[in-house]
Amino acid sequence: MTAVKTESVERPEAGQPLLEVRDLHVTYGSGAFAVPAVRGVDLRVEAGRKLGIAGESGCGKSTLALALLRLLPASATLSGEILLDGEDVLTMKWGRLRAVRWAGASIVFQGAMHSLNAVHRIGDQIAEPILLHGRGTPAAARSRAGGLLEQVGLPATRADAYPHELSGGQRQRVMIAMALACDPRLIIADEPTTALDVMIQAQILRLIERLVSDQDLGLIMISHDLAVLSDTCDRLAVMYAGRVVEEGPAEQVHESARHPYAGALSAAFPRVGDLASRHAPRGLPGDPPDPSALPSGCTFHPRCTAALESCAEEDQELRPAGPSRRAACVLVEPEATVTPGGTAETRSTS
Ligand SMILES: Nc1ncnc2c1ncn2[C@@H]1O[C@H](COP(=O)(O)OP(=O)(O)O)[C@@H](O)[C@H]1O
Ligand SMILES: [Mg+2]
């Protein structure tokens, strides 16, 4: 095994975001079979901040997550820029990319059983990236694996267990331990709790929150559940049909969405602890479009209860929707939003 020379990943300079995505496009296949899964996404994550990415299934969230570390299948074509600590992931040489994949940023996937190797002890699996990155002897890597297990709330002695000997929640903890193994600056968690039951979901979310804040890591948390994201993250980006249609401070997006899709998603996933709305959630009829057959104009217009005639013809770019907020909807009027003390829409009338 060859040693990786370019192991160090610099801390970003003050003011420079940890991650900046500019006009990212990802298309699977080509020609008549092209599936434009991500279509011009811009994102920014500051060091130590938590960005949530929401959207229904098929909106391009996982494609975006995989693109961030160039983990997509060969059939995918990418364009744009993915600047991790100012360095473009899309143009990195293979050796550099390999170093960055664990030490710069790492991914926690949904469904830990499929990501863990059934025939290897979990301690060895956690030690593997540490060894691969030349970060110590086998004995040191094993000892670090034990320490990482403790950090995620498992006894170090579980290092000797095989994946099938652990519960679903414990396996997801192992995945988180692996993600932390090479001290990344950014964790990308793609639906990390979707396969778990509700009680365990909450535990795992709290664990991720605690770890990222203790270690001042950046976090990108992906979920279809806006309530979970607004509870965990500082900012939220809502994706629809491969685009970000709204982004802003997490609580504001969840409580007073400006884009009708974000509003519908928010109503489908009421605020954590808000029993009144939880007992009467409002669904959104229909499904997101197939990316290979997108509707004309605003891709949400066929499902939008507020759509104007022009929405079938004209797509909208993200536009200012209040301080530090943007939404891609023709109905958004920035000057009418968020004045001190609340807006006309958000002020309580009761
Ligand atoms: N390997 C692939 N080849 C072709 N199309 C894909 C592939 N992976 C995902 N897609 C398509 O890309 C779109 C976005 O998928 P995905 O990124 O998984 O969305 P999400 O994570 O939001 O559910 C979907 O239409 C999906 O069918
Ligand atoms: Mg997904």
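**Close-up views of a predicted model**

**View 1. Helix α4 packs against helix α6 in this predicted model.** Helix α4 (residues 122-132) and helix α6 (residues 168-180) meet at an angle of about 25°, and their axes lie 8 Å apart. Angles under 35 degrees count as roughly parallel, so α4 is roughly parallel to α6. The crossing of α4 past α6 is right-handed. From α4, the contact uses Ile122, Gln125 and Ile126. From α6, Val174, Ala177 and Met178 take part. By class, five residues in this contact are nonpolar, one is polar and none is charged. An α-helix has 3.6 residues a turn, so residues three or four places apart point the same way.

**View 2. Helix α1 is largely enclosed by the rest of the structure.** This helix spans residues 61-68. Seven of its eight residues are buried, so the rest of the structure largely encloses α1. The buried residues are Lys61, Thr63, Leu64, Ala65, Leu66, Ala67 and Leu68.

**View 3. Arg325 is a buried loop residue.** Arg325 sits in the loop between β11 (319-320) and β12 (326-327). Its relative accessibility is 3%. Buried means under 20%, so Arg325 counts as buried. Leaving out residues up to four places away in sequence, Arg325 touches Glu246, Glu247, Gly248, Pro249, Gln252 and Val253, among others. Ser256, Ala257 and Arg258 also contact Arg325, as do Arg319 and Pro320.

Terms used. Residues numbered from 1 in each chain as written. Chains lettered and ligands numbered in written order. Predicted model: local features only at pLDDT ≥ 70, side-chain atom pairs only at ≥ 80, totals over all residues. Heavy atoms only, no water. Axes fitted to C-alpha atoms, helices over the stretch in contact; angles between N-to-C directions. Helix = DSSP H or I, 4+ residues; strand = E, 2+ residues; numbered from the N terminus. Parallel < 35°, antiparallel > 145°, perpendicular 65-115°, else oblique. Left-handed = near helix turned anticlockwise from the far one by under 90°. Contact = heavy atoms within 4.5 Å. Nonpolar A, V, L, I, M, F, W, Y, C, P; charged D, E, K, R; others polar. Buried < 20%, exposed > 50% of the residue type's maximum accessible area, 1.4 Å probe, protein only.
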